[in-house]
Amino acid sequence: MHIGRVVGNSVMETRFRMNFGEPLQVGEMLVVENGTSPDRYLIRVMDIEHGADADEMNWMVTEAGTILRSDAANDEYSLDNIKPQLFCTGVCSPLGCVGETSFKKTKTIPNHFSKVRRTTIDDYQFLKNSLGDVQVGNLRSGDQVLDFPVGITGRAIPHHIGIFATTGMGKSNLMKNLALSCMRLRKYGFLILDPHGEYYDGGEVGKKGLRHAGFPDALVVFSSRKLDGPYNTLHVAASEIQIPDLQNLYEFTEPQKECMQSAQYKYGDSWLIELNDRTVPQISKDLGENKYHEGTINVIKRRLENLFRFDLISRDTKLSVTDHIIDCLKDGKVVLVDTSNMYETEELLISTVLSRAIFEKNKALYGDKEEFDKLPPMLIAMEEAQRVLTEAKGSIFAQIAREGRKFKTGLCAVSQQPKLIDNEIISQFNTLFILGLADRKDREILRNSAKQDISQLDNEIQMLMPGEALIASPFTPFAVPVKIHLYEDYVQSVQRAAKEEPKFRKAPRDSNFF
């Protein structure tokens with residue numbers, strides 16, 4: 001049954017009139033029937049306006065005054081007499097023209113007074129070819145949630161993913177859903193760097209974490225704190241730390257950088273240990289008498305002492321977990337690195353070393369086509385991503401953002417403040433999960449960097465409730481509205497489905513959950 005008729009058109013905007021009292025919401029998706037044509041237009045409500053059939057321009061203002069005077073006199077005012085004159089106008093953005101199995105961008109307008117109706121699941125069948133196997137929720141139209149799974153394709157992983165929302169809007173819940181889907185599929189390597197300790201066991205009373213997912217063979221945990229369950233102790237070898245890794249933590253002068261470079265050349269892989277263990281006069285003599293000021297060497301040593309006082313850096317390369325983590329990712333597992341008891345310097349160092357090792361390993365395999373083809377796409381997820389993505393130069397994260405897609409290495413940036421991320425870097429994030437964002441500057445940044453046109457969705461983004469999101473991606477025909485699964489519910493549904501299957505099998509890499 002139709003709810004309105006088209007009353008005004010341009011190619012970029014559709015207006016329709018509907019009867020007074022008919023419910024309508026910003027973000028709701030509707031269908032315009034184009035006469036006898038099998039094609040139909042899919043439109044999205046951007047705004048809603050009141051209207052009235054009246055000769056006077058300000059009739060509604062005048063009538064409101066009459067009602068207020070009745071209120072003051074405690075007289076009841078009935079709208080029954082004027083209801084036929086009242087209506088609402090839906091102001092909509094055309095999403096595209098839908099055929100029986102096709103979808104194309106709108107290049108024309110519907111016929112005069114075309115019928116407007118609400119959508120059904122059948123109207124979205126064309127989306128099945130666009131949405132992928134990493135399921136996160138169900139399709140949403142306004143507040144209505146449809147029984148239509150929504151996910152992202154694995155092809156999006158190396159092209160980088162951004163998850164942006166203010167506090168309390170559901171970023172962590174979304175991340176756990178992504179991880180659970182990856183555990184279920186075993187097709188993609190997913191590294192989660194968790195500085196808050198919320199992903200392993202849920203972090204709060206009543207919340208579930210990844211340990212509750214029911215896929216112990218698909219989850220590997222590393223931690224520097226004691227966890228209530230199986231985990232691996234987190235260590236990296238001193239020989240794995242490179243000068244750019246330290247530059248990601250500290251500001252160094254040019255003489256200090258040159259001194260570290262000379263030490264690396266002199267001492268080889270053990271340069272970091274030698275700088276820490278040797279005295280300033282010994283280092284000065286080894287690197288060339290009077291070549292570097294003692295103050296320069298002292299600054300470097302003080303910073304290294306801060307690093308070595310942590311139990312994270314091992315002098316024994318055999319204790320390093322880096323190769324183990326890379327092997328797990330190659331096997332399509334979810335790897336959780338819990339850094340919640342670390343200081344920020346330690347946590348950033350671990351994140352930098354692991355990310356660089358993964359990227360360089362994948363890059364090295366690029367020349368071996370047979371081995372590279374076997375390599376699953378890998379995603380490195382960083383909480384509070386604005387801390388390491390503020391500058392485009394030098395850092396491994398900036399390099400991955402620019403080159404990662406070629407080497408099957410993607411970044412997943414999780415942040416409350418996209419405006420703090422370098423413009424060049426954020427422009428590399430092809431798939432955006434946009435949850436509620438209150439800050440206008442943040443919305444502008446995403447509007448300018450999104451690969452889908454979301455310029456007309458500002459009202460909808462401001463009105464998003466916790467757990468509601470828009471997925472803007474070049475792999476979908478438009479920004480898809482989604483209700484993210486509550487992780488606790490999703491865990492139960494996935495576990496029920498797993499029990500009904502004869503045996504859980506690793507999914508083929510090109511399969512689709514539809």
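K374 is partly exposed, with a relative accessible area of 49%; the label covers values between buried (under 20%) and exposed (over 50%), found with a 1.4 Å probe on protein chains only. Its salt-bridge partner is E371, and the closest N and O atoms of K374 and E371 are 3.7 Å apart. This is a predicted model, in which local features need pLDDT of at least 70 and side-chain atom pairs count only at pLDDT 80 or more, while totals for chains, interfaces and linings use all residues. Residues are numbered from 1 along each chain as its sequence is written, and side-chain values use heavy atoms, leaving out hydrogens and water.

**The pair K374 and E371**
- Both residues lie in helix α10 (residues 369–374), three residues apart, which is about one turn of the helix.
- E371 is also partly exposed, at 32% relative accessibility.
- A salt bridge here is a side-chain nitrogen of Lys or Arg within 4 Å of a carboxyl oxygen of Asp or Glu.
- In general, side chains of opposite charge can pair when their charged atoms come close.

**Other salt bridges to find**
- K257 pairs with E254, with 3.3 Å between the closest N and O atoms.
- K257 and E254 are separated by about one helical turn, because they sit three residues apart in helix α4 (residues 254–267).
- K333 and D331 join their side chains in a salt bridge of 3.9 Å, N to O.
- Of these two, K333 is buried, at 18% relative accessible area, whereas D331 counts as partly exposed at 30%.
- A network of salt bridges links E33, R40, R117 and D123.
- Across the whole structure, a search finds 30 salt bridges.

**Charge overall**
- The protein has 63 positive and 71 negative charges, and their mean positions are 5 Å apart.
- Lys and Arg count as positive and Asp and Glu as negative, with His and the chain ends not counted; each charge is placed at NZ of Lys, CZ of Arg, CG of Asp or CD of Glu.

**The whole protein**
- The protein has 15 helices and 21 strands, taken as DSSP runs numbered from the N terminus (helices: H or I, at least four residues; strands: E, at least two).
- Its C-alpha atoms fill a box of roughly 95 × 55 × 45 Å along the principal axes.
- Of the 514 residues, 54% count as buried.
- Among contacts (heavy atoms within 4.5 Å) between residues at least 6 apart in sequence, 73% join residues at least 24 apart.
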